Amino acid sequence: MDFGLSDEQEQLQRSARDFLGRECSTAFVRETMRSADGFSRTLHAQMAGLGWTGLVIPEKYGGLGLHLLDLAVLSEEMGRAAVPGPFFSSSVLAALALLGSGATAAQKQWLPCLAGGDARGTAIGTLAFLEESDRLDAAGIAATCTKTRNGHRLSGTKMFVTDAHVADVLIAAFRVRRQGESGVALFAVPRDAPGLAITPLHSVDQTRRPCVATFRDVEVPATTLIADGAKGWKVLQRVLDAACVVLAADSLGGAERALEMSVEYAKVRQQFGRPIGSFQAVKHMAAEMVSEIEPARALVWYAAYAYDHEPRHAARAASMAKARLSDVYSRVTNRAVQIHGGIGFTWEHDMQLWFKRAKWNEAAFGDATFHRERLAQLGGW
């Protein structure tokens, strides 16, 4: 069985690396981090022009209609470059939630704009899921929805809503019945809805900006409801699986870049009259980094493939990839900082970009402990 990439995927990988090498240097990342929004609309427009923002959106909505494996290949390259901005929130979370909902009206309204190929312009989306409990199961959704004469009234607080401060639409989860997975519904709420307040939060990784989204009796029309009943939670589960795979791919790319930077530094940094790369302790650390990165690649690619082609195994594969890559990225960047020595702990050196991204990726959508427990609950293959 061939687990390699297709010619088209290898071409996507090469073109993405070339483009990001030109347009998303570490100096550009630092400049974007210092901006108020942490977001370059110029870079986002360029990615839209390449079709990246609509990679998994069907062609009838202005996208390319590709699969999650293609998105994982692209995300690996974006992880290598530590790309700042709302690509993950918009082109992964919001796009896949809308696609999974099957709500035709909302799809026609938002997907062409998220893909960046609509005459009305480009839109940004995000997913409002987590609350103060920080639970990733249906019981964690406590924000309420009440039916009104003309639609629904939404109340509650959503935590860690990534890039909500620049989003045009929030795909938000609310409880329409008291208990159970069947009581979860999804709404496509415009950012400018009266009563919706967005408050940015501080984060270790300034390339991604979490926010608090507070819904104070937000009145929305019935057309904003995109998934109700048991379907709402099923859509969220699929989005969770996709998010895990994409974050694992981002972690894989970041770990590769941290290894490359460490090897380059070890060749030129000298102690006691010779490069530190000649010391056995440094060689061992680099070898351990390689031994963790290479086997993890197959986990990411298989999880991305299973998402579209083996749905029975998709959740297990996604949790395996997320758990493993969370550990790998964290350990690789930790070793990379050690190889760099004192300068690796400074803001002046670029290693901090990947070290912080590793911490963000590790916690987002469940850490390694959560996903190993989830894997045990999912049972055997």
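This passage describes the aromatic contacts of the structure. The model is a predicted one.

A pair of aromatic rings is described by the distance of the centres and the angle of the planes. Ring centres within 6.5 Å count as a pair. By this rule the model holds six aromatic pairs. One of them joins Phe19 and Trp52. Their ring centres lie 5.3 Å apart. Phe19 belongs to helix α1, residues 7-23. Trp52 is found in the loop between α3 (41-49) and α4 (68-81). The pair therefore ties together parts that are 33 residues apart in sequence. Both Phe19 and Trp52 are buried.

Phe88 and Trp360 form another aromatic pair. It is edge-to-face, with 90° between the planes. The distance from centre to centre is 6.4 Å. Phe88 sits in helix α5, which covers residues 87-101. Trp360 sits in helix α10, which covers residues 351-363. The contact thus links parts that are 272 residues apart in sequence. Phe88 is buried, as is Trp360. These two residues, together with Phe365, make up one aromatic cluster.

Charged side chains also meet aromatic rings. Phe88 has such a contact as well as its place in the cluster with Trp360 and Phe365. The charged end of Arg208 sits over the ring of Phe88, 5.6 Å from the ring centre. A further contact of this kind involves Lys158 and Phe174. Here the charged end of Lys158 sits over the ring of Phe174, at 5.5 Å from its centre.

Definitions and conventions:
Residues are numbered from 1 along each chain as its sequence is written. This is a predicted model: local features need pLDDT of at least 70, side-chain atom pairs count only at pLDDT 80 or more; totals for chains, interfaces and linings use all residues. Side-chain values use heavy atoms; hydrogens and water are left out. Rings of Phe, Tyr and Trp (its six-membered ring) pair if their centres lie within 6.5 Å; planes under 30 degrees apart count as stacked, over 60 as edge-to-face and the rest as tilted. Helices (H or I, at least four residues) and strands (E, at least two) are DSSP runs, numbered from the N terminus. Buried means under 20% relative accessible area, exposed over 50%, partly exposed in between (1.4 Å probe, protein chains only). A charge sits over a ring if NZ of Lys or CZ of Arg is within 6 Å of the ring centre and within 35 degrees of the ring normal.
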